[in-house]
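Please read the following report alongside the sequence and the coordinates.

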Amino acid sequence: MSIDLGRKSLEKAVKSGASYADIRIGELIDENLTVKNGIPEETSLSQTKGFGVRVMVTGAWGFAASVDLTGKEVEEVTQKAVAIAKASAQVKRSAIPWKKTAGKKDSFSTQMRKDPFKVPLEEKMEILMDADRALAKQSPHIKVSYSFFRSKQEKKLFMSTEGDEIRQQINWCGGGIMAVAIRNGEVQRRSYPSSFRGNFATSGYEFFQSLKLTEHAKQVGKEVVQLLGAEKCPSTVTDLVITGDQLALQIHESCGHPTELDRALGTEADYAGTSFLTPDSLNKIQYGSKIINIVADATAPHGLGTFKYDDEGTIAKKVYLVKEGMFVGYQSSRETSADLELKESSGGMRADSPLALPLIRMTNINLLPCDWKTEELIEDTRRGILMQTNRSWSIDDKRLNFQFGTEIGWTIQNGSKEKVVRNPTYTGMTPQFWGSCDAVSKDDWMMWGTPNCGKGVPGQIMYVGHGCSTARFRKIRAGLVK
Amino acid sequence: MGTKRLLEAAEEAVHIALKCNVDQAQVATFLVDSALTRYANSQIHQNVASKRGGASIKVVVKKQVGTARVNSLEKRQIEDAVKNAVRIAEVTPPNEDFKSLPNPSSWTPIKGTFDRKTAECTPNFRAEIVKETIDKAHSKSSLIKAVAGSFFTGSFAFSVSNSLGVSAYAKMSRTSLQTTVISSSGGSQGFGSAEQHSKWIEDIEPSLVASEAAETSIKSINPIKIPVGEYEVVLSPRAVASIFMFLGYIGFSATSYQDGQSFVKYNLNRQVFDKSLNVKDDSRDAKTLYSLPVDGEGVQKKKVQLVEDGRVSAESICYDSFTAGREKNRRSTGHSIPPIFRFSSRPRPFNILIAPGSSSIEEMVKDTQQGVFVTRFHYTNPVEPSKAILTALTRDGTFFIKNGEITKPVMNLRYTDSMLSTLKEIPMIGKELDIMAEVTAPAMKLQKLRFTGITQY
């Protein structure tokens, strides 16, 4: 990735009238392996190289990108970005709020012991085939068995007219297994370590190895067959205990997205929507109970949203979004933080490729643990339902009314995990739901990686993380499916 | 780069693969040139353009399959990608379900799908359209506080070549204007939205889109709360489209069907929907947006009758060559996903057309004793795909209907219901069709939809 190309672009931008410009030159490699029913259904390697130029001209933005990394193309695309910015300025109510920062020269790489791309494909495939075989043999009712591996490497060079020259290499990988069991038209599925292809972390191949997929096939197979004969989740209002793999998505949808400042300021109104956490509610609204502490932490070890600098050169940091239940902070960018006169950006701007415009994206949105042990938390629950592993999700455009379904549930009676229930679902309103949380465990707190967070127009898919553990919520409506 | 040059690049890459001693090879090259002007709070805030091209490569060594994708049309990078695909195939265990890449068959181009004016639209023109949209919305009422949306223009092209002789290509332009209007009065917000999609920029009517969104927004201020439960519903074409887009994905894809996760599998040849419901997937129908003659494997896209007089059958399923090869005497229906799309690789319909009926929305409302009018659904997701149970919330204008008249705006509602139940009784279908990206739909009146939750706005 050439610094000369970057300089050429920035010089061209300034000559053409830009008051600020940045360029990201990047290279992505993405390996996806899927074994299904003993057959390698997907063995693919995707590579992207390119650059994106963002310019500010007369107080308005323009962005253009290309995959052609030549000096001529860089100049033309920069010129195109300037022309686009000039067009933006024709429909402008106010100039982009912007505070100049000192340029940084730095580099960063994800810490890893073993580069997943240097591990022979055969070795990875053998692990998947082995896990798939182990899963399929658990029961004749298992009609579809899957095992997954994914590894991604992102190399990027960020340069700006403020003097930034930042090189980063982000690596992440992971995988999982899933079984689908069918009997008499009843279809159930069960996954490990999480649904939607597993769990992922910024780490080397050692993370994938640590998942020990084959060892978990027996439990997955047993539970998916149990689900076929299980009773339906009762329609009731009850205490709900949610494990970390499901709580990660709950945090994602009901805290991660509504605390994105671009949503709160209305700039995502046409697509994903706005937020109930409006700027006038900052430091005023009780988001949850006193034990709820949620941070956006781009420095969390192995988090899928961990890096050193975001895509506009802001250094990674940890900021509180919710402190002792109070809504205290947003995820922000340089522009939105200046707009709201916040001290600084939270460092959340990322793009899913050099060809895309950076947007405010979640880093690692983590629910901090309390002192409970998971076992004690269940023992302390007189009557309730324990729900694990996401199966479905939906939330309104202000992030208030949500409904989730999980792969499996268990009734809890007098402090003991009892019967398995199928098709568990629960619903609620965000502040009331988090307000009803009275216990968060500590012993099973871990990072969950979500590699498929969609946002923006044109749509972008980002990888984000959530640190959390099992938690309990009082008097929640469950069992929504007739 | 036109389709001819893309095809040459694909053919060249196939030759490189064959030199590596593979048994079969397929290369799909593509170019996507797009621009999008996005606005919010009544001003442009994001304005982007990108040109991306690349190649998607599949090689077969005996039954060992390797795939690689490179987002570059540079010869050297495509060569590297071909070599990567070969390397992957060589070390991948055999895929016993794989039969063959598709054999060549005749295909006919679709004329008139590319409009230079749409493909080469300038940022200044997009800004003019956006300004007109914003100004028109604000002109409707001083209660309008913010106008948001996006205006997309661009084109895409792809070519497919394989070692068995397949040689095919497609090219089209596309544009869409989407607008959301936020109004406010007495502390209550109102929301309205509208959208248009076409292959031709001349079809876009900013004034119409802005007026529709603004009028709905103003009408939806001060919504009332209604009890959750079953209601008659009148769904706008947009609301209908979102339901059928999901049904297309979870029900009519050969992958879901073969995996036993599709509701179609358990309802073959049954009267599963109302008799009046007829749905097809047909890329050659003039009313569909993505007028592609061939799929991502260069196979001519065939018309598939997804629902016929309310019944689904084994012929309702959309196949690519791989999923077709898993069944006896089955051939690809031309539903392999083209390389221009980033979404899931499973075959599925994206030229869904619901046959119109004979009613107007006004007649549907008049026919409703107590019900809900839905402008749009938000965040639809399957809860139980094998039972076609979906959930979603209403958005951007939900209204209560009483004694044949729209009376009040209502707070947004969440439904959780099986489409096998709710689409069983469709008393009225709209006579007008709206193109909503992958689905072209009429309005519909449904006898019942089960609302299970309500928001606060």
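The text below treats a helix pair and then a sheet.

This is a predicted model, in which local features need pLDDT of at least 70 and side-chain atom pairs count only at pLDDT 80 or more, while totals for chains, interfaces and linings use all residues. Residues are numbered from 1 along each chain as its sequence is written, chains are lettered from A and ligands numbered from 1 in the order written, and side-chain values use heavy atoms, without hydrogens and water.

In chain B, helix α1 (residues 3-19) packs against helix α2 (residues 75-91) at an angle of about 40°, the axes being 10 Å apart; axes are lines fitted to C-alpha atoms, for helices over the stretch in contact, with angles from 0 to 180 degrees between N-to-C directions. The two helices α1(B) and α2(B) are therefore oblique to each other, a class left over once angles under 35 degrees (roughly parallel), over 145 (roughly antiparallel) and 65 to 115 (roughly perpendicular) are set aside. Where they meet (heavy atoms within 4.5 Å), E12(B), A13(B), I16(B) and A17(B) of α1(B) face K75(B), I78(B), E79(B) and V82(B) of α2(B).

In chain A, 4 strands form an open antiparallel sheet in the order β13-β12-β11-β16, pairing being assigned when DSSP finds at least two bridges between two strands. Strands β13(A) and β16(A) stand at the edges with a single partner strand each, so one side of each lacks a neighbour in the sheet.

| Strand | Residues |
|---|---|
| β13(A) | 326-327 |
| β16(A) | 365-367 |
| β12(A) | 318-323 |
| β11(A) | 294-297 |

Strands β12(A) and β13(A) pair over 2 bridges, and K323(A) stands opposite M326(A) in β13(A).
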